[in-house]
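The sequence and structure come next.

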Amino acid sequence: MWDWEKTAQEKKKSELKKSAKKTIILVTGPTASGKTSLAVTLARYFNTEIISADSRQCYREMSIGVARPADVELAAVPHHFIASHSVQEEVTAASFAKMVLQLTNELFKKSDYVILAGGTGLYIKAFLEGLDIIPEVPAAIRQQVVQGYDQNGLIWLQEEIKKTDPLFYEKGEMQNPRRIMRALEVILATGQSILHYRSGEKAQRAFSVLKTGINLPKEILHRNIHTRTDQMMEAGLVNEVRALMPYRQLNALQTVGYTEIFAFLDGKISLAEAVEQIKIHTRQYAKRQMTWFRKDPEIHWYAEPDASAIIRLAEEFAGK
């Protein structure tokens, strides 16, 4: 073997050994389970920073309804992907992954750990494993699908996808409006089911990943959801949503907490009904989140936000 070949191999081994010391600690679980405060505790212990894996907290105009971390939490530890974009910008799982991969390269220069905290499963998957390449969807088609859902609701979405993409109707997440809208716009734009583009191959990343999750008992989680919803209302959720009325057709606003208040502002339901629907839909969303995450056998689950246990696990994981 030539000397230059030996040098190249030794350099590669050295880089792999060095990168193996770098660890992403994922803190995930359903909404209202306590991820934010846990992530702050971990980040302070490991002297590092937090990347939010929440598909809505990135929008500057959305604060109350997305349960953005409190000012004291944001001040305690640097956070990324919080209030970083406008609702008028298109943010996708793919763009999130690209941005965060670049960001972690910088953060790993300062620390051996980075905390990834959030409950948007597709964003987490995109960053940690990569995504299948799906063709671009014209804005007009996306707008058509969003308007159809806004005017006609979930049942309309389910009927449309049943007619156009029976494969997704059979195998997809048929209680998740965002997943159905995405599948519908892909089939309308390409003539192919979104399932056609899924390869199942994972991308290789130059860091280790420790996956942890909070799985609160159902009664505690539901109580947290109800309490947080009431706090959102007291904090001025109606005024926040009213200010966003001109942008209500945007994809960013097709989410729990906003669609219900839009319906109230339209005079379709009372405020009390809107609050009750937010609680119901948030519980349903939490259930969908857990359905997604339970498919991942690598997640270490905790029945409460146990920072001490996760710190011990992380240090064992890194061989420290």
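## A buried glutamate and its partner

At 6% relative accessibility, E185 counts as buried, because the cut-off for buried is under 20%. The model is a predicted one. E185 forms a salt bridge with R142, and the closest N and O atoms of the two are 2.9 Å apart. This pair links distant parts of the chain, with E185 in helix 8 (residues 177–190) and R142 in helix 6, 43 residues apart.

R142 has a relative accessibility of 19% and so counts as buried, given that buried means under 20%. The side chain of R142 also meets that of E90 in a salt bridge, at 2.5 Å from N to O. Here too distant parts of the chain are linked: E90 is in the loop between strand 3 (79–80) and helix 4, R142 is in helix 6 (residues 139–164), and 52 residues separate them. E90 is exposed, with a relative accessible area of 55%.

## Other salt bridges

Side chains of opposite charge can pair when their charged atoms come close. The structure holds 15 salt bridges. One of the pairs is R179 with E173, whose closest N and O atoms are 3.4 Å apart. R179 is partly exposed, with a relative accessible area of 21%, and E173 is partly exposed as well, at 27% relative accessibility. Elsewhere, salt bridges that share partners join E129, K202, K211, D296 and E298 into one network.

## A residue of helix 8

A189 is placed in helix 8. With a relative accessible area of 31%, A189 is partly exposed. Not counting residues up to four places away in sequence, A189 touches V137, P138 and I141. The C-alpha atoms of A189 and G257 are separated by 29 Å, and the two residues are 68 residues apart along the chain.

In soluble globular proteins, nonpolar side chains tend to be buried together. The largest nonpolar core of this model has 44 residues, and M62, F96 and L116 have the most contacts inside it. At least two residues of this core come from each of strand 1 (23–28), helix 4 (93–107), strand 4 (113–117), helix 5 (121–129), helix 9 (218–235), helix 10 (237–243), helix 11 (259–265) and helix 12 (271–293). Helix 4 gives the most to this core, with six residues. Apart from it lies another core, of 27 residues, with I25, V27, A43 and I50 among them.

Which residues is M62 in contact with, leaving aside its neighbours within four places in sequence? They are R56, R68, V87, E240, L244, A252, L253, T255 and Y258.

Strand 4 is mostly covered, with five of its five residues buried. Y113, I115 and A117 point one way from the strand, V114 and L116 point the other way, and all are buried.

Strand 1 pairs with strand 4 in the parallel sense, over five bridges. Within strand 4, I115 is the bridge partner of I25. Strand 2 (residues 50–52) also pairs with strand 4 in the parallel sense, over three bridges, and I51 stands opposite L116 in strand 4.

## Aromatic pairs

A pair of aromatic rings is described by the distance of the centres and the angle of the planes. A search of the whole structure finds seven aromatic pairs. The rings of F81 and Y123 have their centres 6.4 Å apart and their planes at 55°, so this pair is tilted. F81 lies in the loop between strand 3 and helix 4 and Y123 lies in helix 5, so the pair ties together parts that are 42 residues apart in sequence. Both F81 and Y123 are buried.

F127 and F207 form another tilted aromatic pair, at 5.5 Å centre to centre with 35° between the planes. F127 lies in helix 5 and F207 in the loop between helix 8 and strand 5 (208–214), so this pair ties together parts that are 80 residues apart in sequence. F127 and F207 are buried.

Technical notes
Residues are numbered from 1 along each chain as its sequence is written. This is a predicted model: local features need pLDDT of at least 70, side-chain atom pairs count only at pLDDT 80 or more; totals for chains, interfaces and linings use all residues. Side-chain values use heavy atoms; hydrogens and water are left out. A nonpolar core is a set of buried Ala, Val, Leu, Ile, Met, Phe, Trp, Tyr and Cys residues joined through side-chain atoms within 4.5 Å. Buried means under 20% relative accessible area, exposed over 50%, partly exposed in between (1.4 Å probe, protein chains only). Helices (H or I, at least four residues) and strands (E, at least two) are DSSP runs, numbered from the N terminus. Contact means heavy atoms within 4.5 Å. Two strands pair if DSSP finds at least two bridges between them. A salt bridge is a side-chain nitrogen of Lys or Arg within 4 Å of a carboxyl oxygen of Asp or Glu. Rings of Phe, Tyr and Trp (its six-membered ring) pair if their centres lie within 6.5 Å; planes under 30 degrees apart count as stacked, over 60 as edge-to-face and the rest as tilted.
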